[in-house]
Amino acid sequence: MAPALLFPFSGIAALALALLYLISRRCQLKSATVTFPPGPKSPKLPTLDAWVKYQEWGREYGDFIYIGERKMLIINNSQVAIDLLEKRARVYSDREASWTVKACGAERVMTLQGYTARWRSNRKVFNQIFRRSDSSRFYAVQYAKVADFLCSMVVAPEKIMQHTMALSQGIMFASLYGIDIDHDDTLAWRALETNNIFGEIFLNGFPALERFPWLRFMPSFFPGCGFKQTAREFQENFDDLDTIPFDRAVNNMKMGTRTSVIAELALQNEGRPTEIEMIKRMGSTSFIAASDTTMSSISSFLLTMTLHPEVQAKGQSEIDRVIGRDRLPTFEDRQSLPYVEAIYQEVMRLHPPLPLGIRHVSTEDDFYKGYHIPKGCAVVPNIWAMNRDPNVYSEPDKFIPERFLDSPTGPFTSINDIYAFGFGRRVCIGRHMADNTVWLTIASVLATLHLCKAKDDEGNEIEIPGEFTHIFFRHPKPYHSSIVPRDPQARDLIFELK
Ligand code: HEM
């Protein structure tokens, strides 16, 4: 038979097969006595260190736990996360559309948008800026801001937290808008406040509103409507973050004083209001998504170096051997510094800034390992537990960078293996930039600074409890330490850069 004649039959056959597949899948779903994955019945969900509790439940119920009452699946095992969130990304890439998100107008933040055409368009805009192949466009800012950071750490080491936040925020503002901001700039405060509310939105939402959605129609003074004030603050802060830096960047370019990634994108899209809105939102969302996370990773590194002087010394000696003492590390040196890489990997393993990632939501009924996962299920990747899986990591709670040197793949693995950046189609879009910022900071601090415990008036070391925050974003709590240049040569190097 001629191929042209075969065509309609093969089309019909394909259709019939697809139909059969759908029917058999439906039957599969129906015939099964719908067994949900195991999990505690009506548990009280923890608000503090939830990742630890979920890990404990994992020991009792297995690698994935279902909380029926909440339609929530908690994943404690990386292979399960890969199977569902990556291999079945078509089904598991939605986000929760809560009343809280709506009340805050937070659907404009890409991170919270459903798996829709709007999200896809936004992700394309982000990708134009943050794709791996263009990461080098941020190098100059990253070098400059890390150099500033080293100076600040020497000048006022007691303000370690402020400097770390200023570094994370500063890199983002300068990279996108070409603007330098101080940590006390209004925009920096706006971002911090917005992030705090963001944490609240992610964590539990506004419980009263979630329970009684009709409260959204009530005035602010109505009992239970306190959330309205928070929602208003979020919107106002976000409006400012959307517009103030964007306008400054565009003005700077018009005046010919400074160009920037955002201003150039805006120019290319002049007269296209929808695109301009997306670009504005890309800026503010990046800023919010980047600040606490990057700050957390760098803070965790600083704390671990203070607590593990032997690791710090090994990192320093690798840098001295490979690079010498008369310059700072650059991105070109990265592949020659396996121990520094192992330190970076170990920080990201033990201290993921978002221990529970960001929930994905399923858009179809699904079956996995004989269990039913219903449509609309919120899937919580417990990155914290995955990274402490005793079947993958020996002595998982200990900080041992050598584990990456000794692993068959070595420390230079794919960025996709760093679960701290999330999974599948929703994986962190800024991960290449973040990876570079955190690595460069680690290498530069090791090259120039000495971190150790502070001493009291009697010369005794002040113990560091090594505590971390417990809610949503996880980062070290303030502690006392001593930060000084490694020696006069390092001091000169730091101040020469200024
Ligand atoms: C150490 C730093 C960072 C960490 C640990 C981190 C981690 C994460 C995680 C866990 C997610 C959720 C992924 C998922 O849903 O599976 C995420 C999403 C996201 N991140 Fe990051 N992030 C970091 C830095 C950044 C930076 C610098 C940007 C700048 C653009 C950024 C922008 C975003 C955005 C926009 C999303 C939402 C993606 C989406 O929903 O499609 N992040 N990040």
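The legends below describe close-up views of one predicted model.

In this predicted model, local features need pLDDT of at least 70 and side-chain atom pairs count only at pLDDT 80 or more, while totals for chains, interfaces and linings use all residues. Residues are numbered from 1 along each chain as its sequence is written, and side-chain values use heavy atoms, with hydrogens and water left out.

**View A. The iron atom of the ligand and Cys-428.** Cys-428 is the only protein donor of the iron atom, its SG lying at 2.3 Å; donors are N, O and S atoms within 2.8 Å of the metal (3.2 Å for Na, K and Ca), and sites may look incomplete as water is not among the atoms. Cys-428 sits in the loop between α16 (402-406) and α17 (431-448), where helices are DSSP runs of H or I with at least four residues, strands are runs of E with at least two, and both are numbered from the N terminus.

**View B. Residues around the ligand.** The ligand is surrounded by 27 residues, the closest being Arg-95, Trp-119, Arg-123, His-360 and Cys-428, where a residue counts as near if one of its heavy atoms lies within 4 Å. A polar side-chain atom of Arg-95 is 2.9 Å from a ligand oxygen atom, and a polar side-chain atom of Trp-119 is also 2.9 Å from an oxygen atom of the ligand. From Phe-423, a backbone N or O atom lies 3.0 Å from an oxygen atom of the ligand.

**View C. The salt bridge of Glu-364 and Arg-90.** These two side chains meet at 2.8 Å, N to O, a salt bridge being a side-chain nitrogen of Lys or Arg within 4 Å of a carboxyl oxygen of Asp or Glu. The pair links distant parts of the chain, 274 residues apart, with Glu-364 in the loop between β3 (360-361) and β4 (366-368) and Arg-90 in the loop between α3 (78-86) and α4 (99-103).

Key
Polar contact = N/O pair within 3.5 Å; in protein donor to acceptor, adjacent residues only side chain to side chain.
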